[in-house]
Amino acid sequence: MTQNEAYEILKRGNNVFITGAAGSGKTFLLNRYIEYLKQNNIGAAITASTGIAATHINGMTIHSWTGLGIRDSLDEQTLKDLKERYYLKSRYKKAEVLVIDEISMLHHYRLDLVDNLFREFKQNTLPFGGVQVILCGDFFQLPPVARLDEPKARFAYHSRAWQLLDLKICYLDEQHRQNDSDFIDVLNAIRSNAVLGRERRHLENRVGCGIKKDLEPTKLYCLNCDVDLENSLELMKISGKAYEYKMEARGGNNLVEVVKRGCLAPDVLKLKVGARVMFVKNNFEEGYVNGTLGVVEELDNNRIVVLADNGRRFDVGLANWMIEENGKVKAEIIQYPLRLAWAITVHKSQGMSLDAAKIDLTRSFERGMGYVALSRVRSLEGLTLVGFNENALQVDEEVLEFDGELKKDSERDAKEIREAIDRSPLENKTSDLSEPHRSHKKQAISTMEQTRLMIEGKTPLEEIVKKRKLKLATILEHLEKLKKEGRLPDIEYLQKKAGPKRIGMMKKAILKFKTETGGYPLARAKEQLGEKATYEELRIARLFLD
């Protein structure tokens with residue numbers, strides 16, 4: 001799918017999962033849509049699973065935005081406390097769209113918790129309280145990591161919330177980072193767990209080799225200890241005066257810490273003339289981007305001049321990183337957008353593009369780590385390897401299977417949007433930021449009316465699913481919304497088909513966990529009934545409650 005096709009799907013108000021290989025432009029597309037939302041005053045929660053990813057889209061972590069923090073569960077008292085916080089109530093009230101970047105690093109159970117919070121704050125039983133949900137990421141990259149005291153971490157697509165979203169899949173297949181066909185073949189082979197003779201030889205040929213064009217490579221290590229040691233030793237080798245530049249911070253301490261954790265610039269930047277540095281922020285006007293490499297050429301207490309590897313000289317100014325909410329800056333840090341760049345970790349390199357890298361994958365300990373590291377580089381000629389183990393050439397088998405399903409779904413959704421664009425009036429085919437797309441957030445209304453008409457005609461649910469080519473979860477979402485609006489047709493025939501006694505059993509279980517506000521959450525009822533009822537069956541039973 002192209003970026004323009006995905007952009008049209010986003011503007012039509014669909015819940016969407018944006019994915020694709022490293023360098024396919026996922027973050028670029030996300031920022032383009034975020035700008036569209038801002039231009040049209042559509043309230044958006046701009047978040048990511050990590051602080052680093054959040055800085056790429058000028059957002060905040062999903063944990064901080066939702067009020068979830070580091071919790072791995074929510075009890076009634078916690079929910080009550082959160083709902084009493086004015087800033088959270090205001091935040092949720094204004095949100096019409098939820099964006100979560102780097103979804104691969106968010107635990108499956110935390111996505112369910114985010115779903116629960118949106119439903120509670122919105123007082124709406126639809127998934128995520130009825131807001132448009134945009135998830136972005138690549139499950140071939142590094143997975144969520146659980147602390148020892150946390151539940152077992154699984155990818156987000158294992159969550160209940162994921163299953164209920166009826167996501168359109170936008171699998172971007174254009175390549176904007178690599179233009180080396182041999183290198184693209186290597187990366188695709190790793191993504192397929194099929195690194196055979198030809199691809200392996202390409203990598204073996206890069207072990208111990210030099211870098212062309214006299215580029216000094218950034219070194220990527222799997223472990224923090226190797227990175228810290230490498231940078232310290234290299235700085236010590238340089239004679240001359242060392243200058244220190246301290247970071248400035250504004251805003252609440254907690255939010256400031258969130259921004260700091262997501263920013264690659266250090267609290268105290270220590271430099272000498274001749275130090276190898278990397279820019280850690282995009283500044284297209286000045287001409288450098290996140291990942292541009294160079295050497296410090298001049299220094300004083302208030303000035304840093306860097307000669308970049310591409311021959312350009314930059315008189316580097318201070319940069320800022322911030323968390324914005326409703327157009328207001330909540331926290332901000334100010335520092336020179338540089339860090340020592342003889343070495344960084346593979347984890348920290350996610351999202352970067354490097355002209356040259358020396359990568360040590362001999363201590364690769366996580367499937368996907370090799371893919372993340374190698375895909376940072378634009379071409380084979382910019383890559384030198386210390387070595388690699390077999391783990392570095394592998395990706396998760398489960399992810400590989402799921403990726404195949406995503407590609408098929410994306411092909412279907414790409415075909416649908418092409419047909420929709422062909423049917424649209426000419427002005428809609430060229431619409432951009434001047435006004436919201438006419439169908440933004442209206443697609444669900446028209447399709448819901450189709451569901452209502454079929455229910456009025458006593459059409460069985462399985463037949464509706466088959467004819468409409470929608471998921472059962474989507475049809476149930478329509479019925480729940482119709483009930484809330486007081487427009488739900490007679491559904492007695494659904495009870496007869498499921499069995500009145502069975503419906504009665506489920507209603508009894510649901511009623512046990514009625515909330516103080518009159519809601520009927522299903523998670524605890526499902527836990528009580530176990531295999532006796534599916535989540536979809538419980539949703540049908542809930543429709544019969546007064």
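Select R412 and D409 in helix α15: the two lie 3 residues apart, about one turn of the helix. (Helices are DSSP runs of H or I, at least four residues, numbered from the N terminus.) Salt bridges that share partners join K168, D409, R412, D413 and E416 into one network. The R412 and D409 side chains meet in a salt bridge at 3.5 Å, N to O, the term meaning a side-chain nitrogen of Lys or Arg within 4 Å of a carboxyl oxygen of Asp or Glu.

The model is predicted, with local features needing pLDDT of at least 70 and side-chain atom pairs pLDDT 80 or more, while totals for chains, interfaces and linings use all residues. Residues are numbered from 1 along each chain as its sequence is written, and side-chain values use heavy atoms, without hydrogens and water.

Next, select D403 and R191, a salt bridge with its closest N and O atoms 3.8 Å apart. This pair links distant parts of the chain, with D403 in helix α15 (residues 397-423) and R191 in helix α9 (residues 181-191), 212 residues apart. D403 is buried at 7% relative accessibility, and R191 is buried at 6%; buried means under 20% relative accessible area, exposed over 50%, partly exposed in between (1.4 Å probe, protein chains only).

Move to helix α1 (residues 3-11), where K11 and E8 are 3 residues apart. Their salt bridge has its closest N and O atoms 3.4 Å apart. K11 is buried at 0% relative accessibility, and E8 is buried at 8%.

Finish at M236 in helix α11 (residues 224-236). M236 is exposed, at 64% relative accessibility.
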